[in-house]
Amino acid sequence: MTSLRIQERFVSVQGEGALVGAPSSFVRVSGCNLRCVWCDTPRTSWAPEGRAVELDELVRWCAAGPRHVVLTGGEPMLLSPAAELSQRLRSAGHHLTVETAGTVWCEGLEADLISISPKLSHSTPWDRAAALGKPKLATMHEAARLDLELLARLIERFADGWQLKFVVRTRAPELLTADLDEIDAIVTALELPTSARDRVLLMPEGTDDATLRAGYLAAIDACRTRGYRLGLRLHIHLFGHTPGT
Ligand code: SF4
């Protein structure tokens, strides 16, 4: 029997990206090759937990829920059984979103929407890793966090359904400018046409209403002038920064 290590699963509405508001079953795998300093699911990365769940059980559980399924993590692309699960869920008629950082290729994976969240340089946990006495975690993260060739391959493979979600720092103008410079460089390197710019989302950092609202207002000019989409975090507004939502 094939299984995946699952940290949590729940039914909610999609909080981020182009499908905000869509009722969805979320399947969150445990395990990640990165260690973002601000990771909002540390129980899949910094302190991974979870239990093996058979694919049959996951498919049955999703069948009892909404049409939309979101396979997330952690990093689902690390786990080869994710490919079989994706094929079975789509065969069963689900709309499948796979959320990934875009640093790993998973052969055979299927998706209706590949939601890629490339990590900018501010994600690297230099101080945190040093404080833990594990500086290698930071150097490994820095080496792996951005793979332009792989991003291009993912966008080509999932040409009908992809989005790039970038976490941006909005607490100071110079931080936002630095992040936008990195994003612009990535968009240029990927040779994304102007018509695809609304698939690039700027998602302000923040885990409470007030911070996010200020972040949206700070980021909106960059959306107006560059054509990027403002990335909401609906689940935070509805439920706060709470697991299982
Ligand atoms: S890629 Fe995602 S799950 Fe992994 S450390 Fe970064 S934010 Fe956390």
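**The ligand site and the sheet**

The ligand is surrounded by Cys 32, Leu 34, Arg 35, Cys 36, Trp 38, Cys 39, Thr 41, Thr 44, Ser 45, Gly 74 and Lys 119, each with a heavy atom within 4 Å of it. The model is predicted, with local features requiring pLDDT of at least 70 and side-chain atom pairs pLDDT 80 or more, while totals for chains, interfaces and linings use all residues. Residues are numbered from 1 along each chain as its sequence is written, and side-chain values use heavy atoms, without hydrogens and water.

Five residues of the shell around the ligand are nonpolar, four are polar and two are charged; here Ala, Val, Leu, Ile, Met, Phe, Trp, Tyr, Cys and Pro count as nonpolar, Asp, Glu, Lys and Arg as charged, and the others, Gly among them, as polar. Gly 74 belongs to this shell and lies in the loop between strand 4 (68–72) and helix 2 (81–91). The peptide bond that joins Gly 73 to Gly 74 is cis, with omega near 10°.

Strands (E, at least two residues) and helices (H or I, at least four) are DSSP runs numbered from the N terminus, and two strands pair if DSSP finds at least two bridges between them. Strand 1 (residues 3–13) and strand 2 (residues 23–29) are antiparallel partners over seven bridges; Phe 10 has Phe 26 in strand 2 as its bridge partner.

Beyond the sheet, Glu 191 is found in the loop between helix 6 and strand 8. Its phi is near 55°, a positive value in a residue other than glycine.
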